[in-house]
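Me: Shall we go through this structure together, one question at a time?

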Amino acid sequence: MTQAFQKIAAIRGMNDLLPGDSARWERFEDLVRDWLRGYGYRNVRTPVLEHTRLFTRGIGEVTDIVEKEMYTFTDSLNGESLTLRPEMTAGIVRASIEHNLLYDRPHRVYSIGPVFRHERPQRGRYRQFHQIDVEALGLAGPDIDAELIVMLARLWKRLGLTDVRLELNSLGQPVERAAHRAALIAHLEKHRDILDEDGKRRLYTNPLRVLDTKNAAMQEMADSAPRLFDFLGEASRAHFDGVCQRLVDAGVDYRLNPRLVRGLDYYNLTVFEWVTDRLGSQGTVCGGGRYDGLIELLGGKAAPAVGFAIGMERLLDLWEQTLADEGRQPACEPECDVYVVHQGDQAQRLAAQAAETLRDAGFSVVVHAGSSGFKSQFKRADASGARVAVILGSDEVANRTAGVKFLRGAIEQESAQQQIALDRLAEVVGAALSTK
Ligand code: ATP
Ligand code: MG
């Protein structure tokens, strides 16, 4: 006797997407692609695996992501250190440099796909999750920062989301950050005794991130710290004002949050997050900002850039909750338009042919697989969500006809089933499907 094979489960924090849910994801992705087209963004797809140094250099050594969240391993064939992408910006920038994308003009690009972070799994926090990543490469002005934010406001509106608010800050330029950093370190040193382990470690390496703490005991110290915003020079302020003015023009509300620093090192000037209170503690559905230094840092010709990433799981969770609150469950997608039932070998072969003809006409068709009684086949037809069943038995084979039964909609009551000539099948099915 063979020993029963022990079941293999998915890796913790990595989710399967099954047919019921995937239909909703696909619908959401269609909507997102349409929204992105509305602003001239084009798709790019980069590998999920990159050289580790792309992220250590691009994201910054002293960040949560690089310090503890990356899936890094050594390629056993050549000893190279590789990492599953924890975000998409670094890979997109790498690709734009490698293929000299910015040599003659800016590019608006997006990518949708999985990213990987070794975090403690909980609602809204997974180890494989999905981002919609949008980047405007080679564009410097506040107009583009504002456009990205307004664009997001449009997406929320299209999804019917009202409970998301915008938090905005400016991180200024490196020299301004340096001046602020000195003042901040002095402040942190004064309160050294209340710094937690992370805080002490980051005091000199990444003091700005100390302020981003979730530790309640450090809040007061963080609140009274010198604000980077107060160290901004004229040009940085003008950029920030330019963004704010355009948000006002577009009727998009925002809140200045001087503590917003974001978890990646590459940002400068504008940073923003969209936050909701409806998802518990994982309430940030989108984060972004400007990263004018990153392209040069990664070896390209200096060029400005700005972008954002939406966390898809969180956004879909919020969308679903909103729909449920309004009593609007997302509609269950039918498997097909037409379900073909059949009895007998000849009829089964005719069913396959008839289905191909219907697909030629543009319908989605499922042919019942195998053979079983009509009753159980009709049960399956009903469960498929199809609006029309096509019935083929020995009479139909002999007469070159088909039975057409309307499973849903108004016609269902009027005429339960009609017999038609086989060559009229596409026409009759089309007429049935075009009625409500
Ligand atoms: P957080 O503060 O929640 O850890 P983050 O600043 O690390 O977020 P970003 O790097 O800005 O997140 O990623 C963009 C978006 O991706 C986030 O706003 C969030 O919606 C989503 N996100 C981040 N980490 C996870 C995760 N582990 N699981 C699911 N979604 C995530
Ligand atoms: Mg994080």
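Predicted model: local features only at pLDDT ≥ 70, side-chain atom pairs only at ≥ 80, totals over all residues.

Me: Let's start with helix H5. How far does helix H5 reach from its first C-alpha to its last?
Reply: Helix H5 covers residues 142–159, which makes 18 residues. At 1.5 Å a residue the expected span is 26 Å, and the helix comes close to that. From first C-alpha to last, helix H5 reaches 26 Å.

Me: Which residues of H5 are buried?
Reply: An α-helix has 3.6 residues a turn, so residues three or four places apart point the same way. With that in mind, look along the buried set of H5 in the model. It consists of Pro142, Ile144, Asp145, Ala146, Leu148, Ile149, Met151, Leu152, Leu155, Trp156 and Leu159.

Me: And which residue just after H5 takes a positive phi?
Reply: Helix H5 takes in residues 142–159. Just after H5, a positive phi of about 75° is found at Gly160.

Me: Now to the second largest pocket, which is lined by 28 residues. Which helix gives the largest share of the lining?
Reply: The second largest pocket has a volume of about 560 Å³. Helices H2, H6, H8 and H11 each supply at least two residues of its lining. The largest share, 6 residues, comes from H6.

Me: How many residues of that lining are charged?
Reply: Nearest the centre of the second largest pocket lie Arg177, Asn206, Asp265, Tyr266 and Tyr267. Over the whole lining, 12 residues are nonpolar and 9 are polar. The number of charged residues is 7.

Me: Which side chain has an N or O atom 2.9 Å from an oxygen atom of ligand 1?
Reply: Of the 16 residues around ligand 1, Arg117, Glu119, Tyr126, Arg262 and Thr284 come nearest. Polar backbone atoms also lie by the ligand: one of Val285 is 3.5 Å from an oxygen atom of ligand 1, and one of Gly311 is 3.5 Å from an oxygen atom of ligand 1. The side chain at 2.9 Å belongs to Arg125.

Me: Is Glu167 buried or exposed?
Reply: Glu167 lies in strand E7, and its side chain is joined to that of Arg255 by a polar contact of 3.0 Å. Buried means under 20% relative accessible area. Because its relative accessibility is 8%, Glu167 counts as buried.

Me: What is the phi of Leu269?
Reply: Leu269 lies in strand E9, residues 268–275. With a relative accessible area of 4%, Leu269 is buried. Its phi is positive, in a residue other than glycine, and is near 45°.

Me: How far apart are the C-alpha atoms of Asp317 and Gly287?
Reply: Asp317 lies in helix H12 and, at 23% relative accessibility, counts as partly exposed. Along the chain, Asp317 and Gly287 are 30 residues apart. Their C-alpha atoms are separated by 17 Å.

Me: One last pair: how far apart in space are Thr52 and Glu147?
Reply: Thr52 is found in helix H2 and, at 10% relative accessibility, counts as buried. In sequence, Thr52 and Glu147 are 95 residues apart. In space, C-alpha to C-alpha, the separation is 32 Å.

Note on methods. Residues numbered from 1 in each chain as written. Chains lettered and ligands numbered in written order. Heavy atoms only, no water. Helix = DSSP H or I, 4+ residues; strand = E, 2+ residues; numbered from the N terminus. Expected span 1.5 Å × (residues − 1). Buried < 20%, exposed > 50% of the residue type's maximum accessible area, 1.4 Å probe, protein only. 1 Å grid on protein atoms, 1.4 Å probe; cavity = no way out; pocket = protein on both sides within 12 Å on 5 of 7 lines; lining within 4 Å. Points joined across faces, edges and corners; volume = space filled by probe spheres on them. Nonpolar A, V, L, I, M, F, W, Y, C, P; charged D, E, K, R; others polar. Near = heavy atom within 4 Å. Polar contact = N/O pair within 3.5 Å; in protein donor to acceptor, adjacent residues only side chain to side chain.
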